[in-house]
Amino acid sequence: MPVADPITPTDDAVLARRVAQASPETDHEAEAELCRRFAPRVRLYGLRHLRDEAAAADLMQQVILMTLERLRAGALREPERLASFVFGMCRMVVLDLRRGTARRESLLETYGDALLPVETPQPDPDHERLAHCLERLPERERTILMMSFYDDMPAEALARELSLSPANVRVIRHRGLERLRGCVTGGDS
Amino acid sequence: MNTSSSCQSPLDWRTLVAYWLGELDPDSEARTEEHYLGCAQCSRRLEELASLAQGIRALTRASGVNAVISEAFVQRLVEHGLQVREYRVPLNGSVNCTVAPEDDFVVSRLEAPLAGVTRLDLVYVYPEGAGEMRYEDIPFAAASGGVVVSTPIDTVLALPTITLQMRLLAVDNGSERVIGEYTFNHTPSEQAKD
């Protein structure tokens, strides 16, 4: 087994190489670091496309397992393109999930022990603060943020409901979000 | 791509919001995804946005804040299985109202002629000289013939028997005129009293 490259904070390619080079052994440190880095990002991809926390967690698990599987098999020819590789996995698994042909069970059976628990960010629990900040927004900004994010409605559709132009909705939405972020993070109480 | 905390070409906030709400064209969307999947800094910013969006969604769903909303939005709430109690209040009219613990939302439709109105303010008038709360420049669609107001359900559930008023004001070039006044004769529901 080759001597492992040290993991630096800047190099995903090192991780990919270490996982591939360790095969048929397992480089637990590299695989754990890969999970830690990529799992939260894959979860975001899942939330964006599946709009469901449980489905996003499912996607996250499958993509990480499949990525490890391919890396161990030496299927990634250019380790510098690990993010593109993961992106491809994400797209494929979302399609699979939508078709209901998930490979989750067999993957878990084969690679489940490699999948360490990964901490994924939890929703901000301080709803009281967020409510306070939302209440303080100008009415139009509050309405547009609530109606935009309640069910992730694009500006075009929202503009029709409120008799505004899409550009106007985007401007108000941007202003509202900036103000809300400032308030929630304490810059503007 | 790398996981460095400093990104050479960070995705700006507007792009992240547009991405999250599905407004980007397919090529831009793919570029955005490939970027943040390989970028610690941009994925953290997207996480911040996702968390904020989740919080807004939860508060909206819980009827946690006052808001002027659209008719179509009320329909979406109903379609999502939420229990919406609705009161239609005629121009300068009144309504007897209540809410029950099983209600998720209470919305008031204030009928008003809004043609030609450029800015509309909504005023909550509290009884016995307890003051007013004014919401300036509320969103409205003139053709809808009124506005829809959502009041936090917990606030209404906690009210005793009381008469409240809302007033709509048209504001133009520094002058204002009353468009309509709306009276709510509220009584707690029997269940709410228990």
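The centres of domain 1 of chain A and domain 2 of chain A lie 35 Å apart, taken over C-alpha atoms. This is a predicted model. It scores ipTM 0.91 and pTM 0.86. Chain A has nine helices and zero strands.

**Confidence**
- In chain B, the mean pLDDT is 92.
- Of the residues in chain B, 95% reach a pLDDT of 70 or more.

**Domains**
- In chain A, domain 1 covers residues 12-114. Domain 2 of chain A covers residues 127-184.
- In chain B, domain 1 covers residues 13-61. Domain 2 of chain B covers residues 67-193.
- The centres of the two domains of chain B are separated by 33 Å, again over C-alpha atoms.

**The make-up of chain A**
- Read from the N terminus, the elements of chain A run α-α-α-α-α-α-α-α-α.
- Chain A has 189 residues, and 40% of them are buried.
- Take the contacts in chain A with a separation of 6 or more. Residues 24 or more positions apart account for 61% of these.

**Helix H1 of chain A**
- Helix H1 of chain A spans residues 12-22.
- Its buried residues are Asp12(A), Leu15(A), Ala16(A), Arg17(A), Arg18(A) and Val19(A).
- Those buried residues pack against H2, helix H3 (53-72) and H4 of chain A.

**How H7 and H9 of chain A pack**
- H7(A) and H9(A) pack at an angle of about 95°. Their axes are 9 Å apart.
- Angles of 65 to 115 degrees count as roughly perpendicular. H7(A) and H9(A) are therefore roughly perpendicular to each other.
- From H7(A), the contact is made by Arg140(A), Glu141(A), Arg142(A), Ile144(A), Leu145(A) and Ser148(A).
- From H9(A), the contact is made by Val169(A), Ile172(A), Arg173(A), Arg175(A), Gly176(A), Leu177(A), Arg179(A) and Leu180(A).
- The residues of this contact divide into six nonpolar, two polar and six charged.

**A closer look at Val17 of chain B**
- Val17(B) sits in helix H1 of chain B, which covers residues 13-20.
- Val17(B) counts as buried because it has 21 C-beta neighbours inside 10 Å. The cut-off for a buried residue is 20 or more.
- Leaving aside residues up to four places away in sequence, Val17(B) touches Arg173(A), Leu177(A) and Leu49(B).
- Arg173(A) and Leu177(A) also belong to the contact of H9(A) with H7(A).
- Val17(B) and Ala53(B) are 36 residues apart in sequence. In space, they are 9.6 Å apart, C-alpha to C-alpha.

Notes: Residues are numbered from 1 along each chain as its sequence is written. Chains are lettered from A and ligands numbered from 1 in the order in which they are written. This is a predicted model: local features need pLDDT of at least 70, side-chain atom pairs count only at pLDDT 80 or more; totals for chains, interfaces and linings use all residues. Domain bounds come from an automatic or database domain assignment. pLDDT is the predictor's confidence in each residue, from 0 to 100. Helices (H or I, at least four residues) and strands (E, at least two) are DSSP runs, numbered from the N terminus. A residue is buried if 20 or more other C-beta atoms lie within 10 Å of its own, exposed if 12 or fewer, and partly exposed in between; C-beta atoms are placed from the backbone. Two residues are in contact if their C-beta atoms, placed from the backbone, lie within 7 Å. Axes are lines fitted to C-alpha atoms, for helices over the stretch in contact, and angles run from 0 to 180 degrees between N-to-C directions. Angles under 35 degrees count as roughly parallel, over 145 as roughly antiparallel, 65 to 115 as roughly perpendicular and the rest as oblique. Ala, Val, Leu, Ile, Met, Phe, Trp, Tyr, Cys and Pro count as nonpolar, Asp, Glu, Lys and Arg as charged, and the others, Gly among them, as polar.
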